[in-house]
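Subject: Structure for you to look at

Hello,

I am passing on the structure we spoke of. Please have a look before reading my notes under it.

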Amino acid sequence: MRYSVPAMRIIAISLALAIAACSQPVPEARAQQAHTGERADFVLVDKSERKLWLYQDGKVIRSYSGLQYGDAPVGHKRFEGDERTPEGRYTISYGNEQSSYYLSLYIDYPNAQDRAYARARGRSPGGLIFIHGQPNGMPFDARVPGDWTDGCIAMSNAEIAELWSLVPDGTPIEIRA
């Protein structure tokens with residue numbers, strides 16, 4: 001099969017662009033980092049307002065809006081696969097830099113009450129609930145539209161980078177309806 005010179009150039013340019021796109025490094029966090037002495041000691045999420053507040057010593061030190069949830073955002077998570085975001089008091093146990101999303105903070109759902117509720121109905125409560133950024137591979141400043149997680153709380157990559165710098169492991173979180 002023979003190609004014309006212009007067709008060969010288009011193929012070569014397309015191939016070069018594809019290789020360059022696959023070899024781009026993960027972007028550095030581009031958000032304001034914690035100031036000296038700033039550390040959240042409590043996180044509050046209001047699902048209906050789609051807002052998250054960070055507290056230190058009873059005072060708000062940051063707030064974020066436009067949170068994204070699972071495909072079924074209303075109501076408390078009860079079972080694996082219901083695509084709801086939990087409601088209640090939990091703990092942010094650890095951060096994961098190697099997540100499928102840009103940074104993630106693990107919320108220790110399910111608690112004993114969640115497990116008992118699901119077990120009494122012969123179901124799994126699910127798990128692996130995080131606050132995280134957008135899917136890896138997207139442009140840093142892009143966002144998936146609407147509610148799209150499987151029950152996690154998603155925010156922009158810049159916001160999760162800032163949250164990452166302010167929220168230590170073991171921080172309590174309350175998620176309200």
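Leu128 is exposed, because its relative accessible area of 61% lies over the 50% cut-off. Leu128 sits in the loop between helix 2 and strand 6. Its phi is near 55°, a positive value in a residue other than glycine. Please keep in mind that this is a predicted model.

Strand 6 covers residues 129-132, and its residues are all buried. Ile129 and Ile131 point one way from the strand, while Phe130 and His132 point the other way.

Strand 6 pairs with two other strands:

- With strand 5 (residues 104-107), the sense is antiparallel, over 4 bridges. Here Phe130 is the bridge partner of Tyr106.
- With strand 7 (residues 153-154), the sense is parallel, over 2 bridges. Here His132 stands opposite Ala154.

**The loop between strand 3 and strand 4**

Gly70 is placed in the loop between strand 3 (59-65) and strand 4 (88-96).

Is Gly70 buried or exposed? Gly70 counts as buried, because its relative accessibility is 0%. Leaving aside neighbours within four places in sequence, the residues in contact with Gly70 include Asp147, Thr149, Asp150, Gly151 and Cys152. Glu83 and Thr85 are among its contacts too.

Glu83 belongs to the loop between strand 3 and strand 4 as well. With a relative accessible area of 24%, Glu83 is partly exposed. Glu83 is not a glycine, yet its phi is positive, near 55°.

**A cis peptide bond**

The peptide bond from Tyr109 to Pro110 is cis, with omega near 5°. Pro110 lies in the loop between strand 5 and helix 2 (112-120). As background, most peptide bonds are trans, and most residues other than glycine have a negative phi.

**The whole protein**

The protein has 3 helices and 8 strands. From the N terminus on, its elements run α-β-β-β-β-β-α-β-β-α-β. Of the 177 residues, 39% are buried. Among contacts between residues at least 6 apart in sequence, 60% join residues at least 24 apart. The accessible surface comes to about 10,000 Å², and carbon and sulfur atoms account for 54% of that surface.

Regards

Note on methods:
Residues are numbered from 1 along each chain as its sequence is written. This is a predicted model: local features need pLDDT of at least 70, side-chain atom pairs count only at pLDDT 80 or more; totals for chains, interfaces and linings use all residues. Side-chain values use heavy atoms; hydrogens and water are left out. Buried means under 20% relative accessible area, exposed over 50%, partly exposed in between (1.4 Å probe, protein chains only). Two strands pair if DSSP finds at least two bridges between them. Contact means heavy atoms within 4.5 Å. Accessible areas come from the Shrake-Rupley method with a 1.4 Å probe; for residues, only the protein chains shown count as cover.
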